[in-house]
Amino acid sequence: MKSFTEHTGVVAPMDRANVDTDLIIPKQFLKSIKRTGFGPNLFDELRYLDKGEPGRDNSTRPINPEFPLNFARYKGASILLARENFGCGSSREHAPWALEEFGIRAVIAPSYADIFYNNCFKNGLLPIVLDEKIVSSLFKSMYDQVGYKITIDLQQQSVIANGEKFAFEIDEFRKHCLLNGFDDISLTLQEAEKIKIYEQQRRTEKPWLFGAVKA
């Protein structure tokens, strides 16, 4: 998992409330569990004018000219600005997979659905909660300025925009994992030697659990 320390990036809008995970990555793309290949179909129903299917070449599909992520001014955006209850709906982990592969490193919104919020941290994506008035002011600045950028300092827990710093809260353990790029697997592997010793002890104490006793 990519570590997250400090990041400056172009901001793109998802200016609607209650964006659910089926909108983030539609259900027909959930057949794969590879964690890759979802970026091209992020917000598929909004980005294209036809229905997307797994394995289809998106370069031949008609683009929706009214969807902001298709605008030249938001090309290369790595910070998504959203409204309340972002990531609601089903619990699919494919949603943060798609956002991360598209290039989004952080989402800023007034609130998130709990499961989506938790899944973001497990995949190197930083979901930041800021007051609704602050988020609205960031939307205004973004619309007023082409190539609008924001800096996020995770160590200091601050969003730096328009010459101001806006503090955000984050659980200390989640912060530690993001700063170091630790997902659940890499956290477990830190204790690999202890796990090995435990397994050896179990084999000695209860060999029948490991097929050592034959009839």
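**Close-up views of a predicted model**

View 1. Beyond its neighbours within four places in sequence, A106 makes contact with F4, S78, I79, L80, L125, L126 and I152. A106 belongs to strand β3, which covers residues 106-109. The relative accessible area of A106 is 0%, under the 20% cut-off, so A106 is buried. G163 lies 57 residues from A106 in sequence, and the C-alpha atoms of A106 and G163 are 19 Å apart in space.

**View 2. The open sheet of seven strands.** The strands follow the order β4-β3-β2-β1-β5-β6-β7, and their pairing is mixed. At the edges are β4 (126-129) and β7 (164-167), each of which pairs on one side only. From one strand to the next, the twist averages 30 degrees. Strand β3, the one that holds A106, stands between β4 and β2 in the order.

**View 3. The hairpin of β6 and β7.** Strand β6 takes in residues 158-161 and pairs with β7 over four bridges, in the antiparallel sense. S158 has A167 in β7 as its bridge partner. A161 stands opposite E164, which is also in β7. Two residues lie between the strands of this hairpin, and N162 has a positive phi near 55 degrees. Strand β7 is one of the edge strands of the sheet.

**View 4. R92 in the loop between β2 and α3.** The loop that holds R92 runs between β2 (79-82) and α3 (94-102). R92 has a relative accessibility of 14%; the cut-off for a buried residue is under 20%, and R92 therefore counts as buried. Leaving out residues up to four places away in sequence, R92 touches T21, D22, I25, P26, K27, L30 and N119. Of these, N119 is found in α4.

**View 5. Packing of α3 against α4.** Two packed helices are described by the angle between their axes and the distance between the axes. For α3 and α4 (residues 114-121), the angle is about 50 degrees and the axes are 9 Å apart. The crossing of the two helices, α3 and α4, is right-handed. In the contact, A95, P96 and L99 of α3 meet F116, N119 and C120 of α4. By class, five residues in the contact of α3 with α4 are nonpolar, one is polar and none is charged.

Technical notes:
Residues are numbered from 1 along each chain as its sequence is written. This is a predicted model: local features need pLDDT of at least 70, side-chain atom pairs count only at pLDDT 80 or more; totals for chains, interfaces and linings use all residues. Side-chain values use heavy atoms; hydrogens and water are left out. Two strands pair if DSSP finds at least two bridges between them. Axes are lines fitted to C-alpha atoms, for helices over the stretch in contact, and angles run from 0 to 180 degrees between N-to-C directions. Buried means under 20% relative accessible area, exposed over 50%, partly exposed in between (1.4 Å probe, protein chains only). Contact means heavy atoms within 4.5 Å. A crossing is left-handed if the near helix is turned anticlockwise from the far one by less than a right angle, and right-handed if clockwise. Ala, Val, Leu, Ile, Met, Phe, Trp, Tyr, Cys and Pro count as nonpolar, Asp, Glu, Lys and Arg as charged, and the others, Gly among them, as polar.
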